[in-house]
Amino acid sequence: MVTLQTFYIGIRTDNLPGKGTTSDPFDGSTAEKFDKLMREFPENTIINLLEGTFETTGSASYNEINGYYVKNGWKIRGRGIDKTVIKKISFPSNTGGNGH
């Protein structure tokens, strides 16, 4: 049986990175920060998104530089409809992504 790691991401306003716990969630307040966290999480991880709108540049197949791939065994959980939102945004053309 695979043991799942659990992390929490929030929209932080204190400029602290957080530790990924319920009381000290990672900072996902920008697309850059959110996507970086998502790239770094290993397989078999539970990712809990707290309330808020999390911006992302999306899939690495679309944005090789800043995007991420969903990995095997991930479970992504939010706080409910209209409480947790993941919003795809365009990435700047100067990031080096393919832009299609």
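Along the sequence, the chain runs β-β-α-β-β-β-β. That gives one helix and six strands, taken as DSSP runs numbered from the N terminus (helices: H or I, at least four residues; strands: E, at least two). The model is predicted: local features need pLDDT of at least 70, side-chain atom pairs count only at pLDDT 80 or more, and totals for chains, interfaces and linings use all residues. Residue numbers start from 1 along each chain as its sequence is written, and side-chain values use heavy atoms, with hydrogens and water left out.

Mean pLDDT for the chain is 88, on the predictor's per-residue confidence scale from 0 to 100. Of the residues, 85% reach 70 or more. Residues 93–100 stay under 50. The model has 16 contacts beyond four places in sequence for this stretch, a contact being heavy atoms within 4.5 Å. Where pLDDT is low, the predicted coordinates should not be read in detail.

## Burial and contact range

Buried residues account for 37% of the 100 residues in the chain. The classes follow relative accessible area: buried under 20%, exposed over 50%, partly exposed in between (1.4 Å probe, protein chains only). Among contacts with a separation of 6 or more, 64% link residues 24 or more positions apart.

## Nonpolar core

The largest nonpolar core has 12 residues: Phe7, Ile9, Phe26, Phe34, Leu37, Met38, Phe41, Ile47, Leu49, Phe54, Tyr68 and Trp74. Such a core is a set of buried Ala, Val, Leu, Ile, Met, Phe, Trp, Tyr and Cys residues joined through side-chain atoms within 4.5 Å. β1, α1 and β3 (45–49) each supply at least two of its residues. Helix α1 gives the largest share, three residues.

Leu49 is one of the core residues. Beyond four places in sequence, Leu49 touches Ile9, Phe34, Phe54, Ile76, Arg77, Gly78, Arg79, Thr84 and Ile86.

## Salt bridges

Side chains of opposite charge can pair when their charged atoms come close. The rule here is a side-chain nitrogen of Lys or Arg within 4 Å of a carboxyl oxygen of Asp or Glu.

Arg12 takes part in a bridge to Asp14, with the closest N and O atoms 2.7 Å apart. Arg12 also meets Asp24 in a salt bridge, at 2.6 Å from N to O. Both Arg12 and Asp24 lie in the loop between β1 (5–10) and β2 (26–27), so the pair ties together parts that are 12 residues apart in sequence. Arg12 is buried at 14% relative accessible area. Asp24 is buried at 19%. Asp14 is partly exposed at 38%. Another bridge joins Lys33 and Asp27, the closest N and O atoms being 2.8 Å apart. Lys33 is partly exposed at 33%, while Asp27 is buried at 6%. Through shared partners, salt bridges join Arg12, Asp14 and Asp24 into one network.

## Asp35, a buried charge

Asp35 sits in helix α1 (residues 31–40). Asp35 is buried yet has no salt bridge. The nearest side chain of opposite charge is Arg39, 5.2 Å away; Lys and Arg count as positive, Asp and Glu as negative, and His and the chain ends are not counted.

What joins the side chains of Asp35 and Thr56? A polar contact of 2.5 Å does. The term covers N or O atom pairs within 3.5 Å; within protein, one must be able to donate a hydrogen and the other to accept it, and residues adjacent in sequence count only if both atoms are side-chain atoms. Beyond four places in sequence, Asp35 contacts Glu55, Thr56, Thr57, Gly58, Asn66 and Tyr68. Tyr68 also belongs to the largest nonpolar core.
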